[in-house]
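Biologist: I have a structure open and want to learn to read it. Please take me through its features one by one.

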Amino acid sequence: MSTDHVVPPTPRGDYVPAVLHGGVVYTAGMTPRRDGELTVTGQVGAAVSVAAARAAAELAAANALAAVFSAVPAGVRGVRCLRMTVYVACAPNFHDLSTVADGASAAISAALGADALPARSAIGVQTLPSNAPVEVDLVAAVG
Amino acid sequence: MSTDHVVPPTPRGDYVPAVLHGGVVYTAGMTPRRDGELTVTGQVGAAVSVAAARAAAELAAANALAAVFSAVPAGVRGVRCLRMTVYVACAPNFHDLSTVADGASAAISAALGADALPARSAIGVQTLPSNAPVEVDLVAAVG
Amino acid sequence: MSTDHVVPPTPRGDYVPAVLHGGVVYTAGMTPRRDGELTVTGQVGAAVSVAAARAAAELAAANALAAVFSAVPAGVRGVRCLRMTVYVACAPNFHDLSTVADGASAAISAALGADALPARSAIGVQTLPSNAPVEVDLVAAVG
């Protein structure tokens, strides 16, 4: 996976995809959009299966990584993820958040190697923007 | 808007409004309090309209900015927001989180300019402290 | 309380307990596990009382502190908490999040002193991994 050439989704509101400061990049929360469209909507554990949610988390994390790379000068190497939050819009009785969040971790490993895995929080929430099932944000170190 | 002279709400618990470390300020989650009182309570998409929630998000973000300024020495310039999380307590079928969160972004733009807009996550949650409809926290760079 | 000798819970997924970068530690979200097992499960305001949730938040924060110490070289002093997020899985009408989150703050004060209290967000969410009632993550400065 080459994240250098992926463009992060255009913000759907008044914010920026990522900000670089002092060698640390903070990304916006990214949803599973491809070519601008959500690939899946709804609650995990209801309309959305665990497998579909895991794939959605992988895409959302890939978008978050693309946001990281969009904020750093071309050719910068040594990107390391520090922290990731994986929000999962889910049914009230759904607790297998780790399996869904592991999809996001898989995107990080695929792009940067297993050594780049960050600290992570997985949170089951009520809703996410545009009825997305997952949202992922990252803090990463560069250079 | 001059945030330099606004006092952030007093914490309702054992924490501080903001901490400065290494030129970065981390704020507590701020709710829409004015003179110590919440201006609105309840869930967005139920008791609270989108317009009221957007105004509440603007006030909460202004309070978070006040917390940023409370943590930096007087006269410091060059405050730049890096990251903002906007939590929205909402009805289970409410998905227009971006419109609500844009109220928080408006407070940042009004105080610091549109160039200061941060990366942002908008999250629809179950409840917030004291039944607040929105809560906003910031990471900002100073100096 | 000596957090130096506490081992943080083993991650239940593909992530690490904490990452140190530039003198700042970012922890994973920690739940109230003791010897690998959750001490309590369920929603606060339903199956879980406020008192039990407060104790669970204290344990979760102690685990997050253990994660901080696991990421810094032995003997490092001067740990200071910058930011803490306390997620509370709760009933839809539960709003006393500050009382629960104060349990997490108590763990910080006990280990590091009241001067070490961070900025804090308390958020009421739908569910947490493995049906945990609380999850706590930290950003801390070291050295």
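Biologist: How many bridges join β2 to β7 in chain C, and which way do the two strands run?

Modeller: Two strands pair if DSSP finds at least two bridges between them. Here β2(C) (residues 24-27) and β7(C) (residues 134-141) are joined by three bridges and run antiparallel. One bridge partner to look up is Ala141(C) in β7(C), which belongs to Val24(C). Strand names come from DSSP: helices are H or I runs of at least four residues, strands are E runs of at least two, numbered from the N terminus.

Biologist: How far can I trust those numbers and letters?

Modeller: This is a predicted model, where local features need pLDDT of at least 70, side-chain atom pairs count only at pLDDT 80 or more, and totals for chains, interfaces and linings use all residues. Residues are numbered from 1 along each chain as its sequence is written, while chains are lettered from A and ligands numbered from 1 in the order in which they are written.

Biologist: What are the scores, and where in chain A is the pLDDT below 50?

Modeller: pLDDT is the predictor's confidence in each residue, from 0 to 100. Chain A has a mean of 94, with 97% of its residues at 70 or more. Residues 1-5 of chain A fall below 50, and this stretch has eight contacts beyond near neighbours in sequence. Where pLDDT is low, the predicted coordinates should not be read in detail. The model as a whole scores ipTM 0.95 and pTM 0.96.

Biologist: In what order do the strands of the chain C sheet lie?

Modeller: Read across the open sheet: β1-β2-β7-β5-β6 in chain C, five strands with mixed pairing. β1(C) (18-21) and β6(C) (119-125) are the edge strands, each pairing on one side only. From one strand to the next the twist averages 15°.

Biologist: Which strands does α1 of chain C lie across?

Modeller: Contact means C-beta atoms, placed from the backbone, within 7 Å. Axes are lines fitted to C-alpha atoms, for helices over the stretch in contact, and angles run from 0 to 180 degrees between N-to-C directions. α1(C) (residues 50-70) lies across β1, β2, β5 (80-89) and β7 of chain C, at about 35° to β7(C). α2(C) (residues 97-112) touches β5, β6 and β7 of chain C, its direction making about 145° with that of β5(C).

Biologist: At what angle do α1(C) and α2(C) pack?

Modeller: About 40°, with the axes 7 Å apart. Angles under 35 degrees count as roughly parallel, over 145 as roughly antiparallel, 65 to 115 as roughly perpendicular and the rest as oblique. So α1(C) is oblique to α2(C). Residues that meet here include Ala57(C) and Leu65(C) from α1(C), and Ala104(C) and Ile108(C) from α2(C).

Biologist: How many residues of chain B touch chain A, and of what classes?

Modeller: Ala, Val, Leu, Ile, Met, Phe, Trp, Tyr, Cys and Pro count as nonpolar, Asp, Glu, Lys and Arg as charged, and the others, Gly among them, as polar. In chain B, 25 residues are in contact with 24 of chain A. β6(B) gives the most to that side, seven residues. The chain B side has 14 nonpolar, eight polar and three charged residues.

Biologist: What does chain C bring to chain A?

Modeller: 24 residues of chain C are in contact with 25 residues of chain A. The largest share of the chain C side, three residues, comes from β1(C). Its classes are eleven nonpolar, nine polar and four charged.

Terms used: Contact = placed C-beta atoms within 7 Å.
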